[in-house]
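Welcome! Here is a short briefing to read alongside the sequence and the 3D view.

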Amino acid sequence: MNVTRGFTGRPRVPDPGLPPGQYDAGDDWPVLSAEVTPDLAAPDWSFRIDGLVAEPRTWSWEDAHALPASAYEGDIHCVTSWSKFGVRFGGVSLDVFLDLVRPEATATHAVAYSHTGYTTNLPLADLAGGRAWIAFEYDGKPLPAEHGGPARLLVPHLYFWKSAKWIAGLRILDHDEPGFWEQNGYHARGNPWEEQRYSGD
């Protein structure tokens with residue numbers, strides 16, 4: 001996915017519910033990936049949290065689905081300027097996973113990594129407090145592979161490159177460590193409402 005400041009998309013219509021520089025994608029959900037979509041079957045998927053935690057742990061597909069289910073209903077925003085309103089993802093709140101591994105008091109950030117090797121960095125505060133999920137479903141159906149299925153990280157209050165597709169794990173750290181796009185000029189945090197698209201924004 002090559003994104004430049006010159007990306008325009010479709011004409012932008014002012015909307016009080018849109019972050020600056022965004023347009024309403026309507027029923028469209030553009031497919032944008034830094035890597036080739038993997039052939040990853042649900043039984044082969046796993047999710048691990050390690051690093052600065054009291055109890056590093058790995059969950060299988062069955063393990064993760066045995067945890068309390070949760071859903072996100074709201075909006076998502078991509079750095080390439082599209083937004084989608086009223087989406088619904090089903091999965092497990094990341095708080096459930098974090099409670100089980102117990103991050104240490106010195107933990108401040110995480111690096112999310114995919115089964116493909118993709119990485120992105122996030123402040124731990126953006127992953128806790130009911131703000132992030134491991135999502136298995138979209139609109140009541142299994143999450144399509146091109147959109148990160150069988151499971152993706154969902155951090156809807158940040159630009160969508162932070163919601164790593166084909167999520168494989170989180171490495172909990174006491175410092176910020178840039179991921180793939182962050183090393184290539186994207187903003188360290190990516191708040192749509194502050195239009196934090198690129199380093200220096």
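Serine 114 stands opposite isoleucine 167 in β11. Strands here are DSSP runs of E, at least two residues long, numbered from the N terminus. This is a predicted model, in which local features need pLDDT of at least 70, side-chain atom pairs count only at pLDDT 80 or more, and totals for chains, interfaces and linings use all residues. Residues are numbered from 1 along each chain as its sequence is written, and side-chain values use heavy atoms, leaving out hydrogens and water.

**The sheet**
- β6 and β11 (residues 167-173) run antiparallel and are joined by six bridges.
- An open sheet of five strands has the order β3-β2-β11-β6-β7, with mixed pairing; two strands pair if DSSP finds at least two bridges between them.
- Its edge strands, each pairing on one side only, are β3 (57-60) and β7.

**The hairpin**
- Five bridges link β6 (residues 109-114) with β7 (residues 119-123), and these strands run antiparallel.
- Tyrosine 113 has threonine 119 in β7 as its bridge partner.
- Four residues lie between the two strands of this hairpin, where glycine 117 takes a positive phi near 105°.

**Threonine 120**
- Threonine 120, in strand β7, counts as buried because its relative accessibility is 0% (buried means under 20% relative accessible area, with a 1.4 Å probe and protein chains only).
- Its contacts (heavy atoms within 4.5 Å) beyond four places in sequence include Trp161, Gly179 and Glu182.

**Confidence**
- The average pLDDT, the predictor's confidence in each residue from 0 to 100, is 91 for the protein, and 92% of the residues score at least 70.
- Over residues 1-15, pLDDT stays under 50.

How values were computed
Buried < 20%, exposed > 50% of the residue type's maximum accessible area, 1.4 Å probe, protein only.
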